[in-house]
Amino acid sequence: MSQQDSPIGSLRSLMARLRDPERGCPWDVQQTFDSIAPYTIEEAYEVADAIARRDLDDLRDELGDLLLQVVFHSRMAEEQGAFDFDDVARGIAAKLERRHPHVFGDVTHADDAERSAAWDAHKRAERDSRGDADPSALAGIAAGIPEWLRATKLQSRAARVGFDWPAIEPVFEKLHEEIDEVRAEFARTPRSPERLADEIGDLLFVCVNIARHARVDTGAALRAANSKFERRFRRMEALATDRAVRLEDLALAAQDALWDEAKREERRDCTRVPNR
């Protein structure tokens, strides 16, 4: 099979045709790196969602959508004479080999901490070779990633040089302190939206720190919380419909009662033992 006839070769040819100024799709031709970037982020989240749902058929499809984003960006770069898909593939392969001397070379590491430190050293060396003179332990953390993930990375990098809470209790104390400061801003007259946003940001930052200390993935935890809320709220709507009432017509106390009922149903479903 020639490279042109391979699945990735066919996909690249398809993308080139879609981008053809005369015979392609007008929408695809009009796109730029900036206009496509939001779709790239969205597809990455849809991959994560398929994984969370353990839906391998959907995961295959979503990985295809994500791969299309890589091919799309690579094609636009190729049109500008910057790089192409092969350059992307060669680059990541070389990077993986370079950053894993303990796999592809004769380097050994005593433990995970030493392996992680070596990984960071390789990344710093790569930044230096590109002329990035930023000496900070926080250098290289992308600004375009979700802020909860950026917060985790900032905290983890700082922790590697010793700037971290020694135990979880001081983090809880900080959490209570930040809650009090948010409450104080709410009570202030006149209320300052800027100060309130600042204090809420501090509160969220501490919540991420708690998750990091607990070794809990903040994004996964929030996705699970969102899923739980959506599941219970939809059940509230169904319960209201079963009783021939609209949820929006109920007082808050009645809505809370439906919420509690939905929670009780979930608990019963979780504890029910199948018949043997």
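Contact here means heavy atoms within 4.5 Å. With that rule, 49% of the contacts in the protein with a separation of 6 or more come from residues 24 or more positions apart.

Now the ground rules. This is a predicted model, where local features need pLDDT of at least 70, side-chain atom pairs count only at pLDDT 80 or more, and totals for chains, interfaces and linings use all residues. Residues are numbered from 1 along each chain as its sequence is written, and side-chain values use heavy atoms, with hydrogens and water left out.

Let's start with the fold. The protein has 12 helices and zero strands. Helices (H or I, at least four residues) and strands (E, at least two) are DSSP runs, numbered from the N terminus. So the pattern along the sequence reads α-α-α-α-α-α-α-α-α-α-α-α.

Next, dimensions. The C-alpha trace spans about 65 × 60 × 50 Å along its principal axes. The radius of gyration is 25 Å, while a compact globule of 276 residues would have one near 19 Å. That radius is taken over C-alpha atoms, and the globule rule is 2.2 Å times the number of residues to the power 0.38.

The accessible surface comes to about 19,100 Å², and carbon and sulfur atoms hold 57% of it. Areas come from the Shrake-Rupley method with a 1.4 Å probe; for residues, only the protein chains shown count as cover. Of the 276 residues, 23% count as buried. Buried means under 20% relative accessible area, exposed over 50%, and partly exposed in between (1.4 Å probe, protein chains only).

Charges next. There are 42 positive and 55 negative side chains, and the centres of the two sets lie 3 Å apart. Lys and Arg count as positive, Asp and Glu as negative; His and the chain ends are not counted. Each charge is placed at NZ of Lys, CZ of Arg, CG of Asp or CD of Glu.

How many salt bridges does the structure hold? It holds 24. The cut-off is a side-chain nitrogen of Lys or Arg within 4 Å of a carboxyl oxygen of Asp or Glu.

First up, glutamate 79 with arginine 75: their closest N and O atoms are 3.3 Å apart. Both sit in helix α4 (residues 56-79), four residues apart, about one turn of the helix. Glutamate 79 is partly exposed at 36% relative accessibility. Arginine 75 is partly exposed too, at 23%. This pair also belongs to a network of salt bridges linking Arg19, Arg75, Glu78 and Glu79.

Then aspartate 87 and arginine 90, bridged at 2.7 Å, N to O. They are three residues apart in helix α5 (residues 85-99), about one helical turn. Aspartate 87 is partly exposed at 35%. Arginine 90 counts as exposed, at 53%.

Last pair: glutamate 266 and arginine 232, 3.1 Å, N to O. Glutamate 266 lies in helix α12 (residues 252-271) and arginine 232 in helix α11 (residues 218-242), so this bridge ties together parts 34 residues apart in sequence. Are these two residues buried or exposed? Both glutamate 266 and arginine 232 are buried.

One more residue. Arginine 160 is in helix α8 (residues 147-160). Its relative accessible area is 46%, so arginine 160 is partly exposed. What does arginine 160 touch, leaving aside residues up to four places away in sequence? Ser116 and Asp120.
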